[in-house]
Amino acid sequence: MKLCPPLLLCLAAALSSAYVISPPHMWTKLILTHHWPSSFCHMEHCHANFSYWTLHGLWPDNGQGCNSSWHFNSSQIEDLLPDMRKSWPDLLEPLSTAFWKYEWAKHGTCAAKEEALSSQHKYFGKALELYHKLDLDGILTKFNITPSDKYYKFSQIEGAIETFYGVKPKIQCIHPKNADAQILGQIEICFNPDFTLVNCDKHGHHDKHLAVDKASGYSVCDPDMPVSYPTHL
């Protein structure tokens, strides 16, 4: 029979063993976030050179800045850069890598706890893969929802996405004061850790980085208010 060490050592060993058996999972869902460049630039006073939905980020639903020593290195995603500049551009500073550096530091280092996302190349590559597979622009167009001067019902937009993908998205708008309509701004589509689609939460997810997205700029769309999907603002 093995003698037990002092009480504190026994307790520490028991806790360590329990941790190994069932480690906590920091997040349970990934949020692939698209934003509409015209709406973003309406808030941030930039010039939208893109006429299609671009990536804002791939965000775990829990955890931020999980490894401050794991620095972004663009050379590790060099082969992805042409697609990154087109599909995941920095709308404020198109020639800068600061946006991607920020997304990696805040969200990528947490997503990397999943083996399939455990490097910078895996993380950015998977985000691009999911973005192209979803083809949000194509799906909205398929349901005759295109940028124009007319207003849409919120249920039209949500219904089109839900009908095609089979899950509820999170749709966020800009709400100008005393306006007749809200402005379509951001669409989140959610995935399980195995990259199968799943319903998004009602409360949504807000990135507080002011240079990328003002927390007060987007909020959940009002289902009873007309929605503007603008070509330019």
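Helix α4 has a kink of about 45° centred on tryptophan 104, where the bend at a residue is the angle between axes fitted to the seven residues ending there and the seven starting there. This is a predicted model, in which local features need pLDDT of at least 70 and side-chain atom pairs count only at pLDDT 80 or more, while totals for chains, interfaces and linings use all residues. Residues are numbered from 1 along each chain as its sequence is written, and side-chain values use heavy atoms, with hydrogens and water left out. Helices (H or I, at least four residues) and strands (E, at least two) are DSSP runs numbered from the N terminus.

**Helix α4**

- With 14 residues, α4 reaches 19 Å from its first C-alpha to its last, close to the 20 Å expected at 1.5 Å a residue; the expected span is 1.5 Å times one less than the number of residues.
- Because 11 of its 14 residues are buried, α4 is largely enclosed by the rest of the structure, where buried means under 20% relative accessible area, exposed over 50%, and partly exposed in between (1.4 Å probe, protein chains only).
- The buried residues of α4 include Trp100, Glu103, Trp104, Lys106 and His107, and what covers the buried residues of this helix includes β1 (30-35), β2 (54-60), α3 (81-87) and α5.

**Serine 118 and glutamine 120**

- Serine 118 lies in the loop between α4 (98-111) and α5 (120-134) and is partly exposed, with a relative accessible area of 23%.
- Leaving aside neighbours within four places in sequence, serine 118 is in contact (heavy atoms within 4.5 Å) with Trp70 and Ala112.
- The side chains of serine 118 and lysine 122 are joined by a polar contact of 3.3 Å; such a contact is a pair of N or O atoms within 3.5 Å, and within protein one must be able to donate a hydrogen and the other to accept it, with residues adjacent in sequence counting only if both atoms are side-chain atoms.
- Glutamine 120 lies in helix α5 and is buried, with a relative accessible area of 1%.
- Not counting residues up to four places away in sequence, glutamine 120 touches several residues, among them Trp70, Phe72 and Trp104.

**Strand β5 and its partners**

- Strand β5 (residues 182-191) is largely enclosed by the rest of the structure, because 10 of its 10 residues are buried.
- Strands pair if DSSP finds at least two bridges between them; β1 and β5 run antiparallel and are joined by 6 bridges, with isoleucine 187 in β5 as the bridge partner of histidine 34.
- Strand β4 (residues 170-174) also runs antiparallel to β5, through 5 bridges, and lysine 170 has glutamate 188 in β5 as its bridge partner.
- The pairing of β5 with strand β8 (residues 227-228) is parallel, over 2 bridges, and isoleucine 183 has serine 228 in β8 as its bridge partner.
- β5 and strand β6 (residues 197-198) pair in the antiparallel sense over 2 bridges, and in their hairpin, which has 5 residues between the strands, phenylalanine 195 takes a positive phi near 70°.
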